[in-house]
Amino acid sequence: MDLTSYAELAVLLINSPERLSGLEGLRLLLEEGGRYRPGCRITRSDLEALRDLREELLIVFETAELGDEEAVVDRLNSLLIHHPVQPQISGHDGERWHLHLTEGGRMADQYAVGAVMGLATMITDLGVDRLGLCQAAPCRRAYLDTSSNRSRRYCSERCASRANVAAYRARQKVGQ
């Protein structure tokens, strides 16, 4: 089971607050995360639950940035209790049998279980310092650092370039 893709659900949710303004935006978010299936029912309750989950996950990333590993683990453990994992064997798209997390229940619960379990697995396998918030001001989007040397500091190449150009210009200004 590739739980990194599940952890990416947390990043997608944190980085998409505009998609949580209504049910259509939520549907688009679920589609982007590969969690929407035609005919599935999305409710206002799902929307509210994912808004709340977004705030909780953002605090997890902010706490990780502060280096407070115990607080991150406590928050994730609390979320794991609130969203219990129910693995299910699945076969689709010509793939061999494999595990998925919670295919039943309301949409928000399915999303939450995947996002929280993905983050929990990531930090136990790779460490809390793999959860990051973009260092390019004023961005602050979340990312997962899967680099081999734990060197990622930006959410995207665009932010990295923007920060590097700003640093270069600042050095040039000082040198004048």
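**Helix H2**

I started with helix H2, residues 23-32, and found Gly25, Leu26, Leu29 and Leu30 buried there. Buried means under 20% relative accessible area, exposed means over 50%, and partly exposed is in between (1.4 Å probe, protein chains only). Those four cover an arc of only 140 degrees around the axis, so they sit on the same side of H2. The arc is taken from the directions from the helix axis to the C-beta atoms. My reminder on helices: an α-helix has 3.6 residues a turn, so residues three or four places apart point the same way.

Before going on, I noted that this is a predicted model: local features need pLDDT of at least 70, side-chain atom pairs count only at pLDDT 80 or more, and totals for chains, interfaces and linings use all residues. Residues are numbered from 1 along each chain as its sequence is written, and side-chain values use heavy atoms, with hydrogens and water left out.

What do the buried residues of H2 pack against? I found helix H1 (3-14), helix H3 (44-65) and helix H5 (107-126). Contact here means heavy atoms within 4.5 Å. After H2 comes Gly34, and its phi is positive, near 70 degrees.

**The whole chain**

Next I zoomed out. I got 6 helices and 4 strands for the protein chain. Helices (H or I, at least four residues) and strands (E, at least two) are DSSP runs, numbered from the N terminus. Along the sequence the pattern reads α-α-α-α-β-β-α-β-β-α. The C-alpha trace spans about 65 × 35 × 35 Å along its principal axes.

How much of the chain is buried? Of its 176 residues, 40% count as buried. I also looked at contacts with a separation of 6 or more: residues 24 or more positions apart account for 52% of them. The accessible surface comes to about 10200 Å², and 50% of that belongs to carbon and sulfur atoms. These areas come from the Shrake-Rupley method with a 1.4 Å probe; for residues, only the protein chains shown count as cover.

**Salt bridges**

How many salt bridges does the structure hold? The count is 9. A salt bridge is a side-chain nitrogen of Lys or Arg within 4 Å of a carboxyl oxygen of Asp or Glu.

I looked up Arg75 and Glu56, whose side chains meet in a salt bridge at 3.2 Å, N to O. Arg75 lies in helix H4 (residues 69-82) and Glu56 in helix H3, so the pair ties together parts that are 19 residues apart in sequence. Arg75 is partly exposed at 30% relative accessible area, and Glu56 is partly exposed at 30% too.

Another pair is Arg106 with Asp109, where the closest N and O atoms are 3.3 Å apart. Arg106 is partly exposed at 34% relative accessibility, and Asp109 is partly exposed at 27%.

Then I checked Asp129 and Arg150, whose side chains form a salt bridge at 2.5 Å, N to O. Asp129 lies in the loop between H5 and strand S3 (131-133), and Arg150 in the loop between strand S4 (142-144) and helix H6 (157-175), so this pair ties together parts that are 21 residues apart in sequence.

One more note on Asp129: its C-alpha atom is separated by 9.6 Å from that of Asp68, with the two residues 61 apart along the chain.

**A loop residue**

I then looked at Asn15, in the loop between H1 and H2. Asn15 counts as buried, at 10% relative accessibility. What does Asn15 contact, leaving aside its neighbours within four places in sequence? I found Arg141 and Ala142.

**A surface patch**

Last entry: Ile89, Trp97 and Leu99 form a nonpolar patch on the surface, with about 390 Å² of accessible area together. Patches are made of residues with over 30% relative accessible area and no salt bridge; like charges are joined within 9 Å, nonpolar side chains (Val, Leu, Ile, Met, Phe, Trp, Tyr) within 5 Å. Leu99 is partly exposed, with a relative accessible area of 38%.
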